[in-house]
Amino acid sequence: MRPTLRKVVLIVLLGRDQPRRKRRSVWVKRWLKSRKQAGEFHRLIQELRLFGEEFRSYFCLDQSQFDHLLQMVGARITRMDTNYRESISPVERLAICLRFLATGDSYRTIGFSFRVGRSTVAGIVPSVAQAIWDCLVGEYMPVPKEEDWRAIAAEFLERWNFPNCLGSIDGKHVVIQAPPCSGSQFYNYKGK
């Protein structure tokens, strides 16, 4: 065999051992395509709008608060449709974020119930939360002035006997399975 032919045969034979990269066969998984027919937003939430108390229990907001919040942040969380796919509507984006904040479920769980990808939820939650913060911070959490700080410290001293205290932080409830024989060490005082 000639040296150049030998090199070509060797290259072809060695190239077969390398794994070939698979082409993506599906752009969107089949079960995600039925989001508008079977997803939680398009089915359950639209039905919950008929029952005010259940809607409030689901989102920790009543319908008027939800609609007001949507009106405030809707323009900031709107995304454009492309030639390849239709964007998720602002109302659905807000619902995904609020459900995550209300339950603390994983992105995967929220994604399954709303029939969107986990990475989609991972993009929606921080962006919508940031939009909510940007819209509401000035109205609901203005930066206190010096006299406000003094009044807050005086109230903490009077009520709780904590001098020079300007605020307190509560924790977020995270559902876990308590270890065996842990007694009351993992007791949930919130009753949830």
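Which residues in helix 6 meet which residues in helix 7? In this predicted model, Phe66, Leu69, Leu70, Val73, Gly74 and Ile77 in helix 6 meet Pro90, Val91, Arg93, Leu94, Ala95 and Leu98 in helix 7.

**View 1. The residues that join helix 6 and helix 7.** The side contributed by helix 6 includes Phe66 and Ile77, while the side contributed by helix 7 includes Pro90 and Leu98. Sorted by class, the contact between helix 6 and helix 7 has 10 nonpolar residues, together with one polar and one charged residue.

**View 2. How helix 6 and helix 7 cross.** Two packed helices are described by the angle between their axes and by the distance between those axes. Helix 6 covers residues 63–77 and helix 7 covers residues 90–103, and the two pack at an angle of about 115 degrees with their axes 9 Å apart. Because angles of 65 to 115 degrees count as roughly perpendicular, helix 6 and helix 7 are described as roughly perpendicular to each other. The crossing in which helix 6 passes helix 7 is right-handed.

**View 3. The protein chain around this helix pair.** The secondary structure of the protein chain comes to 10 helices and zero strands, and, read along the sequence, its pattern is α-α-α-α-α-α-α-α-α-α. Of the 192 residues in the protein chain, 23% are buried, and the chain exposes about 15,400 Å², of which carbon and sulfur atoms supply 56%. Among contacts with a separation of 6 or more, 50% are between residues 24 or more positions apart.

Definitions and conventions
Residues numbered from 1 in each chain as written. Predicted model: local features only at pLDDT ≥ 70, side-chain atom pairs only at ≥ 80, totals over all residues. Heavy atoms only, no water. Helix = DSSP H or I, 4+ residues; strand = E, 2+ residues; numbered from the N terminus. Buried < 20%, exposed > 50% of the residue type's maximum accessible area, 1.4 Å probe, protein only. Contact = heavy atoms within 4.5 Å. Areas by Shrake-Rupley, 256 points an atom, 1.4 Å probe, with all protein chains shown as cover. Axes fitted to C-alpha atoms, helices over the stretch in contact; angles between N-to-C directions. Parallel < 35°, antiparallel > 145°, perpendicular 65-115°, else oblique. Left-handed = near helix turned anticlockwise from the far one by under 90°. Nonpolar A, V, L, I, M, F, W, Y, C, P; charged D, E, K, R; others polar.
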